[in-house]
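Welcome, and thank you for opening your viewer. Let's walk through this structure together, one selection at a time.

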Amino acid sequence: YMGSISATPLAKQIAKQKGISLSKVSPGNGRSYIIAKDVRALSTVRATPAARRLAEQLGLVLADIPHDDPRIYKKHVLAAKQNVSSSTEVRSLPRIKRITAQRMLQSHLEIPPVTLNAKADVTGLLAERNAVNSHGSIKLSINDYVVYAVACALKENPDAYSSYSEEGQILNPDINIGIATALKNGLIVPVVKNADRYSLQELSAAIKDLVSRARTGKFLAEEYAGGTFTISNLGMYGITAFTPIINPPESMILGVCAVEQVLRMSPRGIEARDMMGLSLTFDHRLHDGAQAAAFLQSISKMLEKYNEEGK
């Protein structure tokens, strides 16, 4: 097949050699496909050898090239190529996107990633958040709770914020959590240093400050360096699972997904529960599946502790 036109391999070969577009060939004898005889029956496009070679190099079909001379010359091929190029817009990438592209390519080429998907019951967490936000001046986001839960889980699992090197496993001393933040011209990851030392309210204030300054271009270079773990939240877009790419030299990244309401059986009968998707990508050179699953489970438990507190 060539496009939506059915043709035999020989017919396609002859059409290519003679610079004939199969869209201009009609099958004979009531056939639904084109054979070599049909192609040969069409007048051969006249072109100079140089024009034929150039058209083949550029992927252009000679029969589609406009020309007002008896045959097609190299100038006609170049003009046709120019018309194709002029209809294609190429935008230069902002510096942030170029840096992101380089780091993501590095991650893809160097790190063997595995992604685990799980769901955490955040029914109690959402109720807690609504209660806090309705009575206080500080407005907490779901992401604040997630970052706080991750910081607590990392404190219990030092391997999760380690880095890989040819010499061995690098045990990073600090829990520095990067918050993937979408900007108009790309993605940036401001880092909350020593995130495990903050209370939930303090962490919320620090995140809001960092993200706000990142979006207005008022952040400092050191504020998006030194991360040892990254969180990427796409829940607000309704994403239920995805494969976040590790930000080297880190060895894990957590993807936060949308909250979905599901019906579940409980001792009290059928209940509606709010379930949040979590996608954890890890470097398989450092972590095996069981270790990563245990860490993901510890994050879920941190998020689900509000269910126990609400009973």
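Is E271 buried or exposed? Select E271 and find out: at 18% relative accessibility, E271 counts as buried, because the cut-off for buried is under 20%. Keep in mind along the way that this is a predicted model.

**Stop 1: around E271**

R268 is exposed, with a relative accessible area of 59%, whereas E271 is buried. Together, D121, R268, E271 and R273 are linked in a network of salt bridges. As a general point, side chains of opposite charge can pair when their charged atoms come close.

**Stop 2: the whole chain**

Zoom out and colour by secondary structure. The protein chain holds 9 helices and 10 strands. Its radius of gyration is 29 Å, well over the 19 Å that the globule rule gives for 311 residues, so the chain is more spread out than a compact globule. Along the principal axes, the C-alpha atoms fill a box of roughly 85 × 50 × 45 Å.

How much of the chain counts as buried? The share is 40% of the 311 residues. Among contacts with a separation of 6 or more, 59% are between residues 24 or more positions apart.

**Stop 3: the sheet**

An open sheet of 6 strands runs in the order β1-β10-β9-β8-β4-β7, with mixed pairing. Which strands sit at its edges? They are β1 and β7 (191–192), each of which pairs on one side only. In general, strands of a sheet pair through backbone hydrogen bonds, either parallel or antiparallel.

Pick I177 to see one end of a pairing: its bridge partner in β7 is V192.

**Stop 4**

A search of the whole structure finds 9 salt bridges. One of them is between K119 and E260, with the closest N and O atoms 3.3 Å apart. K119 lies in strand β1 (residues 113–121) and E260 in strand β9 (residues 252–266), so this pair ties together parts that are 141 residues apart in sequence. K119 is partly exposed at 42% relative accessibility, and E260 is partly exposed as well, with a relative accessible area of 32%.

Then move on to R285 and D283. They also form a salt bridge, with the closest N and O atoms 2.8 Å apart. R285 is partly exposed, with a relative accessible area of 34%, while D283 counts as buried at 1% relative accessibility.

**Stop 4**

L263 is found in strand β9 and counts as exposed, at 68% relative accessibility.

**Stop 6**

Select residues 142–156 to display helix α7, where D144 lies. D144 is buried, with a relative accessible area of 1%. Which residues does D144 touch, leaving aside those up to four places away in sequence? They are K139, L200, L203, S204, I207 and K208.

Now turn to helix α5 (residues 95–110), which includes R95. R95 counts as exposed, at 55% relative accessibility. Draw a distance from R95 to G186: the two are 91 residues apart in sequence, and 8.7 Å apart in space from C-alpha to C-alpha.

**Stop 5: backbone details**

For the last stop, look at the backbone. Most residues other than glycine have a negative phi, and most peptide bonds are trans. Select P248 and P249: a cis peptide bond joins them, with omega about 10°. P249 lies in the loop between β8 (229–233) and β9.

Finish at N194, in the loop between β7 and α8 (200–215). N194 is not a glycine, yet it has a positive phi of about 50°.

Key: Residues are numbered from 1 along each chain as its sequence is written. This is a predicted model: local features need pLDDT of at least 70, side-chain atom pairs count only at pLDDT 80 or more; totals for chains, interfaces and linings use all residues. Side-chain values use heavy atoms; hydrogens and water are left out. A salt bridge is a side-chain nitrogen of Lys or Arg within 4 Å of a carboxyl oxygen of Asp or Glu. Helices (H or I, at least four residues) and strands (E, at least two) are DSSP runs, numbered from the N terminus. Buried means under 20% relative accessible area, exposed over 50%, partly exposed in between (1.4 Å probe, protein chains only). Two strands pair if DSSP finds at least two bridges between them. The radius of gyration is taken over C-alpha atoms; the globule rule is 2.2 Å times the number of residues to the power 0.38. Contact means heavy atoms within 4.5 Å.
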